[in-house]
Amino acid sequence: MSTDAPLLRVKDLAVRYGSAQALFDVSFDLSPNSALAVLGPNGAGKTTLARTLSGLVPSCGGSAEFAGQDLLKLTAPRVRRAGLLHLPEGRGVFPGLTVQENLRMALTADKQARNPGLERAFEIFPVLAERRRQPAGTLSGGEQQMLSLARALMVSPRLVIADEMSLGLSPKAVDIVFASLARARDNGVSVIMIEQFARRALDFADQGLILHRGRSSWSGPAQEAGEELLHRYLGGAAAA
Amino acid sequence: MLSYVLAGLALGAVYAVAAGSLVITYVASGVFNLAFAAMAFTVARFYYFLNTEQGWAIPPAAVVSLMIFAPVFGALLYAVLFRHLRLRSTLVKLMATVGLSVALPPLVQLVLGHLTNVTAPALAPRPLAVFHPFGAVLNADQLATYIGLAVVLVVGVGVLRFTEVGLRVRALVDSEALTSLSGTNPGRVSLGVWAVSGTLAGLAGILVAPTSGLSAEGMTYMMSAAFAAVIAARLRSLAVAVVVALTMGVVTDVVQKYLDPSSSFTAAVIPSVPFAFMLVFLLYYAVRGEAGDAVAGGALDRAISPQGGDPSLMRTAAVPQGRISSSSIGTLAVVVVIAVVPAGLDRYWAGLVAAGIAAAIALLSYTLVTGEGAMVWLSQITFAGVGAVVAAELVDRWSWPPLLAVFLGSVLVVPVGVLLGLLTIRLGDLYVALVTLTFGSLVQTLVLTQDPFYDFGSGQPMERPSFAQDNQVFAYLALAVFLLVGLVILNVRRSTAGLAVAAVRWSENGAKTLGISVIQTKVLLSALATYIAALGGGFLAMNFRYTLPDSFHPSLGLVWLAVLVTMGSRSIVAALIAGVVLYVMPGIFASYLPDKFADVPTILFGLGAIGLATHPEGVVAQTGANLARLFTRRPGWAGTAATTLTAPPDPAEAAPHDRSARGEVQQLPTGGQP
């Protein structure tokens, strides 16, 4: 774990959906080139946290500073251009565009990296090269997730938020997801991983954050999150 | 024969430009632009101003109109209106664009002047050159139309398929949220789409002006015909829209070769061709279950989009037993004022108030079908017109007493509404709106404007009851009937059937799981709403003593609905205010202001509907809530804090933290997954 000044500093973040508050005073720091695993049961506010940081959902309190910029004042496109890349829950691809067009869209914020970026994506995931002219909506779930991951691996963002990337995938495809995010980390990219496989996520991350009903119920070094803690907050199945 | 085909292709090319533009803007922005005709008229009128009135040559006039004025105009409309609409309900989207289509033409006429002669040149020089390919006749206007379509298709397809801008537009069609996560500003892309839409609307308007006339009505017919191609394309496929539009144009012209040009049958058949196309495609898609609502964006867009914004889905708080709500006091006050007013007015003004109250009866049918049932029906005015005709027939031919004829004659119209309800039950909101609007146009063309019902516009005579010959008395009679119908609606709302209606309104699937029959509920609403509309039509005919078929034109129905929804689509008293405003305000302008301001009420009606984009709950509901809030601040006031607990009108308004700094996707989600 690096001791540099934090890349992302979230303090007392609050989010509201109409009359329902989804996040209460969530705080954490994320150092450069480190990984944070965000865990919690359904409805804990994990996805809300991701969407708020990436500019899709407005906050109603608190602050989030990313590389010296006030994240909460930026629009989603500006957040992306500032170097924060959000891989959303579900299949984060444009189903009507071809594989290659999806990758081109991912490069609109990094135009100078277009050709090398495409080559890198096809090198990491050769299956995408084979299907470059195929509409993304016709790919299998695993292939769509590869395409989504390629968005993060073909460019060099400063921070990737990966929201439930392994959801609904085969064990082999889940391995590819973790290997891809590990590759991103090796390239110096920080990662916020929102995951259903709590133990794997904690093994991957430096820090852990457990959310429960919109509040931070535990945070600390990932290796300190023992089985008892996971069982207490997540239940047996989620802690697997 | 070839001449007919060539002329048909020119007509089809205009339809194709219009349909293509409607499809592109719909898929890219989620807004079905009912103001396309008004935009076409605006640009074409500006071109006419430069070319004919200012004497500019065709090329500079066309370049300035289509390349500068039209895109700036389209972008301006996006900035002030369309950008607020993407995540609104179908009703609000339609009403806002209806408002624009209502307000824009008179506004343009106010600025550029009223045209007495609507014949206008297009893009070909005058005198018009005529060519004879393969012995057929082809004039330069038709050639210009072909070229216009070819340029639009080549440039449009080229840009969409092969450029970075096109890629971003197509990405936006798939998902606005993902587009913004990719670093592209969706607002800028939409701005560009609407700028192009302005140019396409202008091109269609200029090209169609020589044949349809430079008038909002001519452009509206062109747009209505293009709807058929858009529906054939299931609102999404540009290629299908263009092919069907061209086919429709050819069929429309070729059938004329085999029909007697002087017969009334021909006069009815020709304008019905696009509607026949629409009906065939609709039935085809409805049978296959493929005419549901197209949902804008992907799963992520739906998850972060706000729910609500539909005036019919606004929540109202229950009033504690034994207390009088502030809205009841407001309702009583409005009724008392409207009841007192006719007594102090002369015959003319009392007649206008009576007409307004009669119209309010018909407007209650919208309150029921749209406000309660959340069904966007645009044919209620047609039911009113048919009700007027049926009642007049019963009085004239069968010597029925007028009141009996109106009350029982309206029953005869109910099966039509039930049939339409059954036909549209499986369609999505937008399809229902287009089908009912088309149905209204067809009935207007094939029935109401045909003799013996038309009679040079005055229609059939219609007597009043003998005791209500005086305008004041008739106004009170109409008010009594209005209150009676209002009470029926209130009782329906509170009954078990009303609960079922509310359940269906909130969630059809949820209602089905409770064992509620959606079909039965919607048919019940359709029947009741049709009856009320026909009743209102009968009262309007009694008021004017003639059926006046032109006063039931579907385009006026859009104004009716615009005014009603502006006032509040679920409020009974709002219907009363809307009806009176509809007739009294133009009377005030006509009596006390110069002629040039005669169209100002129409402009205001349109602007009111446009305001729904930011205040979907309507003026009356909003004012009532504001007043209630004001009173509840006073100690001791027992009122129910905001009897109308409305959802935030602009979702972003409820986001207190820096909403202005964040883009359009940052609207407050009330229904997203937390």
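My entries follow, grouped by chain.

**Ground rules.** I am working with a predicted model, where local features need pLDDT of at least 70 and side-chain atom pairs count only at pLDDT 80 or more, while totals for chains, interfaces and linings use all residues. Residues are numbered from 1 along each chain as its sequence is written, and chains are lettered from A and ligands numbered from 1 in the order in which they are written.

**Chain A, open sheet.** I looked up the strand order and found β2-β1-β4-β5 in an open sheet of 4 strands with antiparallel pairing. Here strands (E, at least two residues) and helices (H or I, at least four) are DSSP runs numbered from the N terminus, and two strands pair if DSSP finds at least two bridges between them. β2 (20–30) and β5 (69–70) of chain A are the edge strands with a single partner each, so one side of each has no neighbour in the sheet. I checked β4 (residues 61–66) of chain A against β5(A): they pair antiparallel over 2 bridges, and A:Glu65 has A:Asp70 as its bridge partner. Helix α1 (residues 46–53) of chain A lies across β1 (8–17), β2 and β4, at about 70° to β2(A). Angles run from 0 to 180 degrees between N-to-C directions, and axes are lines fitted to C-alpha atoms, for helices over the stretch in contact.

**Chain A, hairpin.** β9 (residues 207–212) and β10 (residues 215–221) of chain A pair antiparallel over 6 bridges. I noted A:Ile210 opposite A:Trp218 of β10(A). This hairpin has 2 residues between the strands, and A:Arg213 takes a positive phi near 50°.

**Chain B, helix pair.** I then turned to α1 (residues 2–29) and α5 (residues 140–162) of chain B, which pack at about 35° with axes 9 Å apart. Contact means C-beta atoms, placed from the backbone, within 7 Å. The contact residues include B:Leu6, B:Ala13 and B:Gly20 of α1(B), and B:Tyr146 and B:Val152 of α5(B). By class I have 11 nonpolar, 4 polar and no charged. Ala, Val, Leu, Ile, Met, Phe, Trp, Tyr, Cys and Pro count as nonpolar, Asp, Glu, Lys and Arg as charged, and the others, Gly among them, as polar.

**Chain B, domains.** An automatic or database assignment sets the domain bounds. I have domain 1 (2–254 + 268–299), domain 2 (307–344 + 609–674) and domain 3 (351–596) in chain B. The C-alpha centres of domains 1 and 3 of chain B are 31 Å apart. Their contact takes 24 residues from domain 1 and 23 residues from domain 3. On the domain 1 side, α4(B) gives the most, with 8 residues.

Notes. Two residues are in contact if their C-beta atoms, placed from the backbone, lie within 7 Å.
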